[in-house]
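Biologist: Please take a close look at one part of this model for me. I would like a single connected account of how that part is packed.

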Amino acid sequence: MSARLLVQALCDPASVGDLTPDRWTELFAAARAERLIGTLAHRLNGLPMPERAALILADAWADAQGERRQALWEADRAAAALAGTGAALILLKGTAYVAAGLTAGTGRSIGDLDILVPRDRRGHIAGRGVGMGQARSL
Amino acid sequence: MPADFTVRLLPVRPWRQWIRPSIFISGDHWLADAAPMALAHGLLAAEMGMNLQMALGWRRHLLLHASTVEKDGRALLMSGESGSGKSTLAALLGERGWRLMGDEFALIDLVDGSVVAFPRLVSLKNAAIDAVRAVAGEDRLGPLMAATPKGNIRHFIPRADAVAAMDQAATPALLLFPRFGAEGAARPMDGAETFIRLTHASTNYVALGEAGFRALTGLVSAVPAVALDYATGEEGIDMVEQLWSALP
């Protein structure tokens, strides 16, 4: 497993043209370990590659679309829960990127919903079922 | 061809290569709380590692924890927990005129609902080892791994013709939920119960979203399901053959 290989493929997608089957396997292992295989699928989209590699990347892309849909749904539910509290919904990290349509969100793996709320409203907002996971004060 | 997945079997700590050698199952997908295994059970660890990649990572089919055998292009799926006898029944049927399509996962095509073969080594446990050896002989059995977390285990090689035919899919015709060790009984199951049991038997139903729902409801509405209790392997085989011959 090689981080260098992954970085190379992300920075210079055409470089995958020279990969042997074993190097493809290494690339996918590194991309999965770094949770970047959805991003890799986006970067390599349309390039010539072995059929099996294309299938693996198509699966990864479909997974990323599922995570994107899930993240936006969670953001939608959080917005509904915050309505009337006076707190705006401030999304952070992955969900923010996909909600804003930023390129950093393309193919990104999104594990959970991170939001920012005013400290003095935290108790009130938690009472509405938001932030049932980990809350952290900055 | 690139591999679909990578499995890594690594020592729990570097020195555990030599002192009480033990391994942790890892790879593209892994479970942080999985218990380490003795190196002597490494073959089982490799099998579990491969199963784990499929269970957690495969998206191209709906995966059901089930064994599958085929006859005349039609498939019999047997789903159940470890110890239900699904692997043993499939291995025995595979020696009696059926094609063994798989003993661990049934792969259901998301578009046409067919079941795709995934024939690999069959993991035989405890009394199942002797039951299969009695009909298939010693040559196709691997080494004995004694007292593993799953009991005594030997792996069994499917027939060569079953492996050669692995590219031939089949149409599901009957779903069985076997339970070994109970008095013989066959109870037809309705669609709701079958659906719920299969959602529990699937490792990727939730991840597949709507495609998984369509594949599973399609399967349940097209195929009759029976809960099958049996006391001995012979009784189980007889009951399976009877149910099969009664299909329209």
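**Helix H1 of chain A and its surroundings**

Modeller: H1(A) and H2(A) are roughly perpendicular to each other, because angles of 65 to 115 degrees count as such. The model is a predicted one. H1 of chain A spans residues 3-11, and H2 of chain A spans residues 21-33. The two helices pack at an angle of about 90°. Their axes lie 8 Å apart.

Now the residues at that contact. H1(A) contributes A:Leu5, A:Leu6 and A:Ala9. From H2(A) they meet A:Arg23, A:Glu26, A:Leu27, A:Ala30 and A:Ala31. By class, six residues of this contact are nonpolar and two are charged. No polar residue takes part.

Next, burial along H1(A). A:Leu5, A:Leu6, A:Ala9 and A:Leu10 are buried in this helix. They cover an arc of only 130° around the axis, so they sit on the same side of H1(A). The face turned away from that buried side carries exposed residues. These are A:Ala3, A:Arg4 and A:Cys11. What covers the buried residues of H1(A)? The cover includes H2 of chain A. It also includes helix H3 of chain A, residues 37-44.

A:Ser15 lies in the loop between H1 and H2 of chain A. Is A:Ser15 buried or exposed? Its relative accessible area is 17%, and buried means under 20%, so A:Ser15 is buried. Leaving aside neighbours within four places in sequence, A:Ser15 is in contact with A:Gln8 and A:Ala9. A:Ala9 also belongs to the H1(A) residues that meet H2(A). A:Ala9 is itself buried.

For context, here is chain B. An open sheet of three strands has the order S1-S2-S3, with antiparallel pairing. Strand S1 (7-11) and strand S3 (37-38) of chain B stand at the edges, each with a single partner strand, so one side of each has no neighbour in the sheet. Strand S2 of chain B covers residues 22-27. Two bridges join S2(B) to S3(B), and these strands run antiparallel. B:Ser22 has B:Ala38 in S3(B) as its bridge partner. Helix H1 of chain B, residues 42-57, packs on the sheet. This helix touches S1, S2 and S3 of chain B. Its direction makes about 20° with that of S2(B).

Note on methods: Residues numbered from 1 in each chain as written. Chains lettered and ligands numbered in written order. Predicted model: local features only at pLDDT ≥ 70, side-chain atom pairs only at ≥ 80, totals over all residues. Heavy atoms only, no water. Axes fitted to C-alpha atoms, helices over the stretch in contact; angles between N-to-C directions. Helix = DSSP H or I, 4+ residues; strand = E, 2+ residues; numbered from the N terminus. Parallel < 35°, antiparallel > 145°, perpendicular 65-115°, else oblique. Contact = heavy atoms within 4.5 Å. Nonpolar A, V, L, I, M, F, W, Y, C, P; charged D, E, K, R; others polar. Buried < 20%, exposed > 50% of the residue type's maximum accessible area, 1.4 Å probe, protein only. Arc of directions from axis to C-beta. Pairing = 2+ DSSP bridges.
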